[in-house]
Amino acid sequence: MPHWTALAAEKKQRQLKSIPQDWLVTPPPASTLDVTGFPESCGLLNAREIEITNTSVDVLLKKLASAEWTAVDVTTAFSKRAIVAHQLVNCLTEIFIDRALARAAELDDHLRKTGEVVGPLHGLPISLKDQLCIKGLETTMGYVSWIGQYAEKNAVLVDILIECGAVPFVRTNIPQTLMWPESFNNVFGRTTNPNNVSLTSGGSSGGEGALIALKGSPLGVGSDIGGSVRIPSAFCGIYGLRPSYGRVPYCGARNSLEGQDSILSVFGPMTSSLGGLKVFMKAVVNSKPWLKDPLAVRKKWDEEEYDLADHGSGKDLCFAIMWNDGVVVPHPPIRRSLEITKAALQKAGHKVVDWKPIKHRLLGDVARDIWNAASAEDFMITTASTGEPIIATMELDDADAAAASFRPQNGGITAYQLWQVQKLRQNIRKEYIDHWNATASETGTGRPVDAIICPAAPFAATPHGKNKYANYTTVWNTLDYPAAVFPVTTVDSTLDGKEPPHSFYDDFDKAVYEMYDPEKFKNAPVCLQLVGRTLEEEAVIKMTEIVDAALAAAK
């Protein structure tokens with residue numbers, strides 16, 4: 001085997017060659033932190049392509065179905081914008097635009113000849129996280145050891161999206177091992193945040209977050225085992241959904257920690273338009289994924305549930321706000337976004353109460369103990385063939401590196417010890433259901449709280465290497481509660497000044513407090529998450545739409 005750096009360099013060269021040369025642009029100087037305006041000012045996209053890439057998913061699908069816009073035109077527009085985005089924030093891994101355009105031409109031809117769309121996603125370009133195998137392409141997942149391994153068939157979800165008429169066109173960057181809330185690996189390097197390139201785009205679906213924030217894709221697929229859809233969605237200012245286990249098929253995709261089947265990774269949609277969440281989930285679950293993936297849940301899209309049949313038909317909802325998780329107190333912009341959301345919901349006629357978190361520190365510890373039962377061995381075996389080093393920090397400078405709590409601290413635990421952790425988790429899940437049900441006594445609706453609204457992280461997008469706390473998302477993976485991320489505001493140095501010290505939970509809480517400086521987080525989006533109950537994706541999407549509309553009306 002050649003030295004791993006030579007393999008990585010050769011792969012990076014091949015990636016460069018896959019970019020259409022006349023789409024190369026001169027990026028703005030490194031001192032330009034906010035690059036979100038560049039795709040429209042760089043001169044590569046014409047007025048129509050700018051219009052197409054600024055169009056919501058729902059409207060795109062209507063225009064594609066009526067043949068007002070062709071799939072080739074729409075795919076070309078997003079491909080160009082994606083290539084510009086990549087040159088700004090390094091968000092792509094595999095680029096296969098020729099293949100996408102050939103597929104788009106077939107779709108146009110089909111519509112012209114039959115007058116019918118191929119499926120509910122007809123002509124829609126979709127970006128995919130670098131785990132979703134596509135026949136004939138490598139899926140390195142950021143591992144040098146996996147360079148040169150070409151997929152013999154598509155992942156089940158890729159087949160379903162293609163059957164629905166979607167046009168996959170690029171795959172997006174991730175961290176080595178996937179088990180990081182930032183995105184850096186030895187093959188493709190680091191993805192930065194388009195709103196402020198000195199900040200992280202989050203992870204592990206950080207390439208998706210950054211690409212979609214730059215409108216280089218209308219809809220993408222991320223994955224989430226501890227927050228990997230929601231953290232990049234929140235850090236990049238877009239919408240994202242973490243569905244429950246088994247709702248979206250995972251079969252045939254590559255992953256870390258394969259065989260760990262207690263806290264499962266799930267695929268979920270990420271999009272710049274809220275309508276994209278419903279469009280994606282409805283198309284995927286109505287294609288009966290359980291016939292192709294033995295772990296997929298047999299549950300079609302439930303329109304009654306979407307109409308909130310279990311939640312008073314959406315009238316007089318009661319939301320519970322979790323101001324902090326009892327472990328880390330959020331920064332001022334996060335607190336302000338919770339206050340904005342509370343006021344907007346009350347103005348819209350809904351009730352808002354406080355959520356009392358129980359055992360969130362323990363829920364986070366349980367997740368880490370389950371993953372780290374064998375993660376060190378998993379990473380070591382995967383990297384062994386090339387001698388590629390296992391990345392120990394996402395810092396720009398290794399000298400600053402302190403171990404993040406979610407990384408493996410030891411060689412692992414015994415199977416019996418793992419069973420005890422899994423048993424503890426089962427018991428806490430029962431406690432949490434009882435805790436949620438008990439809120440019926442304080443809502444005034446006769447029902448328990450309809451949904452929880454809480455931070456997606458205690459901070460907005462952090463400087464690179466500083467995102468060392470993912471519990472605000474991970475607890476819901478441990479409980480298997482679906483959760484959607486929605487944008488609220490951006491960091492404002494005038495409104496979000498540093499506050500005097502609170503009484504700290506511990507030294508870590510103090511360190512998070514001390515890292516806040518409104519100038520450092522300049523222009524970072526601020527998002528929250530809405531959490532529902534297991535397999536309640538339809539209701540979570542609808543309630544997120546209600547919250548989003550309330551926020552828009554209150555502006």
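Is Leu 178 buried or exposed in this structure? Leu 178 is buried, for its relative accessible area is 4% (buried means under 20% relative accessible area, exposed over 50%, and partly exposed in between, with a 1.4 Å probe and protein chains only).

## Basis of the report

The model is predicted: local features need pLDDT of at least 70, side-chain atom pairs count only at pLDDT 80 or more, and totals for chains, interfaces and linings use all residues. Residues are numbered from 1 along each chain as its sequence is written, and side-chain values use heavy atoms, with hydrogens and water left out.

## Backbone features in loops

Most residues other than glycine have a negative phi, and most peptide bonds are trans. Leu 178 has a positive phi, near 70°. Leu 178 lies in the loop between β3 (167-172) and β4 (184-185). Helices (H or I, at least four residues) and strands (E, at least two) are DSSP runs, numbered from the N terminus.

Lys 215 is not a glycine either, yet its phi is positive, at about 60°. This residue belongs to the loop between α8 and β8 (219-224). Lys 215 counts as partly exposed because its relative accessibility is 29%.

A cis peptide bond runs from Gly 203 to Ser 204, with omega near 5°. Ser 204 is placed in the loop between β7 (196-200) and α8 (206-213).

## The pair α13 and α15

Two packed helices are described by the angle between their axes and the distance between the axes. For helix α13 (residues 360-371) and α15, the axes come within 10 Å and cross at roughly 145° (axes are lines fitted to C-alpha atoms, for helices over the stretch in contact, and angles run from 0 to 180 degrees between N-to-C directions). The crossing of α13 past α15 is left-handed, a term used if the near helix is turned anticlockwise from the far one by less than a right angle; clockwise makes it right-handed.

On the α13 side, the residues that meet α15 include Leu 363, Val 366 and Ile 370. Among their partners in α15 are Leu 424, Ile 428 and Tyr 432. The residues of this contact comprise nine nonpolar, two polar and two charged (Ala, Val, Leu, Ile, Met, Phe, Trp, Tyr, Cys and Pro count as nonpolar, Asp, Glu, Lys and Arg as charged, and the others, Gly among them, as polar).

## Arg 429 in helix α15

Helix α15 (residues 415-437) contains Arg 429. Arg 429 counts as partly exposed because its relative accessibility is 27%. Leaving aside neighbours within four places in sequence, Arg 429 is in contact with Thr 478, Leu 479 and Asp 480 (contact means heavy atoms within 4.5 Å).
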